[in-house]
Amino acid sequence: MQYRTLACTTVSAIGLGAMPLSIEHRPDETQAIATIHAALDAGVTLVDTADSYHWHADEAGHNELLIARALARYGGDTSHVLVATKGGRGRPGDGSWTVTATPTHLKRAAEASAKRLGVDAIGLYQLHKPDPTVPWADSVGALRELLDVGTIRAAGISNVTTAQIRQAHQILGDGLVSVQNQYSPAVRDSEPRLSEQLGLAFLPWSPLGGISRSSLDGPSGPTSIGTAFHRIAAERGVSPQQIALAWLLARSPAVIPVPGAGRPASITDSARAVDLTLNTKELEELADVLPG
């Protein structure tokens, strides 16, 4: 495994997006825990979760509790594993997602997440999505308060614009360490450039978009075939997913992809992307957005 900087620590250059282990079409717990253990075996030290990663309305925090159990049952040392969780979204149980980022909600949510994870302080707590009914400065201010009282050690923001990144950085200073936006071969609206300039880690969510079906797409979601990613993968004798992740890693030293996985084989394959170095010609071929 290779490592990258996140705040004052280092984490694996590839993380594990644990959402598929708890939402619709999730595997049974035995397979879910085996998937987390496979990630740890592969050298993954960053696990991404959220209190809203669950299926039914009455199981908020399902993914956080699952991760806590998996870490407790792992046979090796897990003290170096950073569990990054998020707050500010909800799932009423009908398949939809809600947004609630009031300061009161975020502070209570962070305290509940820390309890579920079994930690005194959350290593990285990210505001899941801006709430259009709450001033952005108020939501970010809640993160400032959580940092000040020690509920969280570092803060991040997700699904944000350039202006929101800059404003959060002004409010949080060194307390802001990460930006988590959608970024993939198929979705390239949010670039890691600003994060790199500000010294923030950029954690692409759904990083395999266009290559693999996202858990958010459901079983009938679209994927692309026959792209440059697939052709280069065939030439290299590796999976298109590995090529996509290697491409993301080459975009910026700030990038730390967190691909989702529902099977041990998936995260094991993704972790191998750190061993790939794409040449200049390959990177030029991958520069264009996927069609469709």
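Biologist: Which residue in the hairpin of E1 and E2 takes a positive phi?
Modeller: That's Ala-7, with phi near 60°, in a hairpin that has 2 residues between its strands. A strand here is a DSSP run of E with at least two residues and a helix a run of H or I with at least four, both numbered from the N terminus.

Biologist: Before I go on, what am I looking at?
Modeller: It is a predicted model, with residues numbered from 1 along each chain as its sequence is written. Local features need pLDDT of at least 70 and side-chain atom pairs count only at pLDDT 80 or more, while totals for chains, interfaces and linings use all residues, and side-chain values use heavy atoms, leaving out hydrogens and water.

Biologist: Thanks! How many bridges do E1 and E2 pair over?
Modeller: There are 4, linking E1 (residues 3–6) to E2 (residues 9–12) in the antiparallel sense; a pair takes at least two DSSP bridges between strands.

Biologist: Switching to E9: in which sense does E8 pair with E9, parallel or antiparallel?
Modeller: Parallel: E8 (residues 124–127) joins E9 over 3 bridges, and Tyr-125 stands opposite Ala-155. E9 also runs parallel to E10 (residues 176–180), with 4 bridges. There, Ala-155 stands opposite Leu-176.

Biologist: And are the faces of E9 covered or open?
Modeller: Both are covered. On one side of E9 (residues 155–158), Ala-155 and Ile-157 are buried, and on the other Gly-156 and Ser-158 are buried too. Buried means under 20% relative accessible area with a 1.4 Å probe, counting protein chains only.

Biologist: What is Ile-157 in contact with?
Modeller: Beyond its neighbours within four places in sequence, Ile-157 meets residues including Gln-126, Trp-136, Leu-143, Ile-165, Leu-176 and Val-179. Contact is heavy atoms within 4.5 Å.

Biologist: Which residues touch the most other members of the largest nonpolar core?
Modeller: Tyr-125, Leu-143, Ile-157, Ile-243 and Leu-286, out of 48 residues. Such a core is a set of buried Ala, Val, Leu, Ile, Met, Phe, Trp, Tyr and Cys residues joined through side-chain atoms within 4.5 Å.

Biologist: Which element gives the most to it?
Modeller: H8, with 7 residues. There is also a second, separate core of 22 residues, with Leu-21, Val-47, Tyr-74 and Ile-267 among them.

Biologist: How many residues of H8 are buried?
Modeller: 9 of its 12, so H8 counts as mostly covered. They include Ile-243, Leu-245, Trp-247 and Leu-249, and the buried residues pack against E1, H7, H9 and H10 (280–285).

Biologist: What covers the buried residues of H1?
Modeller: The cover includes E3 (16–17), H2 (62–73) and H9 (264–271). Among those buried residues are Ala-32, Ile-36, His-37 and Leu-40. After H1 comes Gly-43, with a positive phi near 95°.

Biologist: Last one: is Thr-85 buried or exposed?
Modeller: Thr-85 counts as buried because its relative accessibility is 0%. Thr-85 sits in E5 (residues 82–87). Leaving aside neighbours within four places in sequence, its contacts include Thr-49, Asp-51, Glu-64, Leu-117 and Tyr-125.

Key. Buried means under 20% relative accessible area, exposed over 50%, partly exposed in between (1.4 Å probe, protein chains only).
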